[in-house]
Amino acid sequence: MGVAIKVENLSKAYQLGQIGTGTISRDLERWYARIRGKEDPFLRIGESNDQHSKSESNVVWSLKDINFEIEQGDAVGIIGRNGAGKSTLLKILSKVTAPTTGKISGKGRISSLLEVGTGFHPELSGKENIFLNGAILGMRKKEIQRKLDEIVDFAGIERYLDTPVKRYSSGMYVRLAFAVAAHLESEILIVDEVLAVGDAEFQKKCLGKMGDVSKSEGRTVLFVSHNMGAIRQLCQKGIVLKNGALSYMGPTKLAITNYLNEAQAALSPRTIDGTLKGKIIFESVSINDSEILQNELLPTDNITIMIKGKCISELEKFRVSLSIFKEGERIFTMQDAQTPLLTRVGNFRSVFNIPSNLLRPGQYFISIGGHDGNHLGMGNDWIFGKDVASFTVAEEYSHTNDFANEGLINVPFNAKRENSI
Amino acid sequence: MTNPMNEHEHDWTIEAKTTLFDLKLGEVWAYRDLLLLLVRRDFVSFYKQTILGPLWFFIQPLFTTIIFTFIFGNLAGISTDGLPKPLFYMAGITAWNYFADCLNKTSSVFKDNAGIFGKVYFPRLIMPLSIVVSNLVRFGVQLMLFLLFMGYYYLSGAHIQISWAILLFPLLLMLMAFLGLGAGMIISAMTTKYRDLAFLIGFGVQLLMYATTVIYPLSTAIEKYPKYSWIIEYNPMTPIIETFRYGFLGEGSFSWNGLAYATGITAVLFIVGIVIFNKVERNFVDTV
């Protein structure tokens, strides 16, 4: 297999703040610097894209010195926190915007799906929009004509083909738009987080279609998502971006672990957010009395998670909640009280017990938070910190943690077989 | 063994800088179906859910003609070179509208299409080209209305005669299209950074109409304001409209020099426009 995409020293700078005031004088200054052969005075190298820290310069490098190669036929997931540069990378690859420095070379036609239904015109019928949207995405009319039945079938909108799309339900709209894009005949398919729209069943169908595209048709797929489940299902390789730089590239499983670890390593008081931030302070999280942030446990261990915190101003009804995540998916949530309690000013301690043998081997992340309560349940005020600590359940198998029982959790054995009936 | 893949390591590249004259015209050709579909979209969506439908294309020039006839023809008494007043104005309005529509729509092409341009790549030149072709459809419809009027006046014995200059019509059409396109592309490229131009263009085009021979003949302007008539003569739209009138109605100041001048200006504006447009197109998403 050859190389489908080769990215070399790719960087992209963005100007922050207002564009438009003082641009003429700046443009002149820039131009003057250039004719003297000097560096652009407004483009200093060395600023990374950390969105939390303020800096003197108002130029940020959304991508900095990215290098990688993608083989033909690979499905590659691009992961990273918000603002890590994922969308910028996709935009450059789809030629929507040009890089500031660097070069990308590749083989085969690229089609990109950064948004569902780009260029749909509400007044035109479904059929007219299929042609228009297809052409915008780079298909010839003949090609669309040939695929029309397939597209209509995939979207399931036969009856509404001649109805203006403004009369479509939002689900039909999204289905039609994805159907057009999914039937592009290109060697490289770039997909941004478009699957976030549409219902679960349709998302499954889309993922399936994209899987076909990469596996059976041998096309290269680049896929950005925050849904680790989707990435794991679809991609063999992962690229992790962090603050505009490439931090890891390799097998999907390792890439996801790398990303989740990184998300946790970046933890500090500012990762805890919410309207109750000034009233509740979480001070520590310990797992089985250990306060280190990464713990190794056995499947047979009982797990006790203790959250210590401080209440600064009295809350009438409040409870602390704890959620366990694995590979980006929430496994369950627990509360420290069955109904919200009066919480007085002072220190508090919440203890959560997870039974032994419940969690299958793997890495787990802990998110903590809380809600104030009103008479009907949840109130408007909340506090939440994602991935504040993690633990690993070791790969030790037994009758209570059977190797063959794939899945997220173990259920206590309760089954029987009757032979010869 | 030679692998065919090695001969061509890659077949496209994306780089930070491109040469000034890399206009990607081949790509534009590859996307020609999109151009036609966009034209169709403009046409169909224009009259969907209206009662009068495509008749709306007629209404605007018709009413403008009536108003011009009353105000400039009857009230102000401006000469129309001996031509029937409605016919004189309609000739000017039809031609001017085509140019003005091309210019107006093209000059806001980045702003109007920021949504699409920010999400999907296709040769950006397709958009302004589709505007010019869309407006051509509209112009064709309005030209038919003008021809109907011509026929009516001819049959009722008005003094009009089609001259040989009507053969220049295809050239005039191209000049109007490319002049509007060229100037529009320059302005559109600059409005991505300096929004002020967007405000200027709105009434600028309107003012420019009064510096073009739409509501008065060139001969009258030269006769009455010999000192300032150069403004009108240097306006590249003036020789185009004068030739248009001369061709269809047999009256107007036709000169080869004027036409050559208009052609020259159009060519320069168009080439400058297309180069600037291509340069801005690569990064405009970041600034718009």
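A:Ser420 counts as exposed in this predicted model, because 3 C-beta neighbours lie inside 10 Å of this residue, and a residue with 12 or fewer is classed as exposed. A:Ser420 is placed in the segment after β19 of chain A. Its backbone has a positive phi of about 45 degrees, although the residue is not a glycine.

A positive phi is also found at A:Asp387, where the angle is about 50 degrees and the residue is again not a glycine. A:Asp387 lies in strand β19 of chain A, which spans residues 377–393. The surroundings of A:Asp387 include 22 C-beta neighbours inside 10 Å, and the residue therefore counts as buried, the threshold for that class being 20 or more.

In chain B, B:Ala198 belongs to helix α10, which covers residues 196–210. B:Ala198 has 15 C-beta neighbours inside 10 Å and so counts as partly exposed, a class that falls between the limits of 12 or fewer for exposed residues and 20 or more for buried ones. When residues up to four places away in sequence are not counted, B:Ala198 touches B:Ser108, B:Lys111 and B:Thr191. The distance from B:Ala198 to B:Phe284 was also computed: their C-alpha atoms are separated by 16 Å, and the two residues are 86 residues apart along the chain.

Note on methods. Residues are numbered from 1 along each chain as its sequence is written. Chains are lettered from A and ligands numbered from 1 in the order in which they are written. This is a predicted model: local features need pLDDT of at least 70, side-chain atom pairs count only at pLDDT 80 or more; totals for chains, interfaces and linings use all residues. Helices (H or I, at least four residues) and strands (E, at least two) are DSSP runs, numbered from the N terminus. Two residues are in contact if their C-beta atoms, placed from the backbone, lie within 7 Å.
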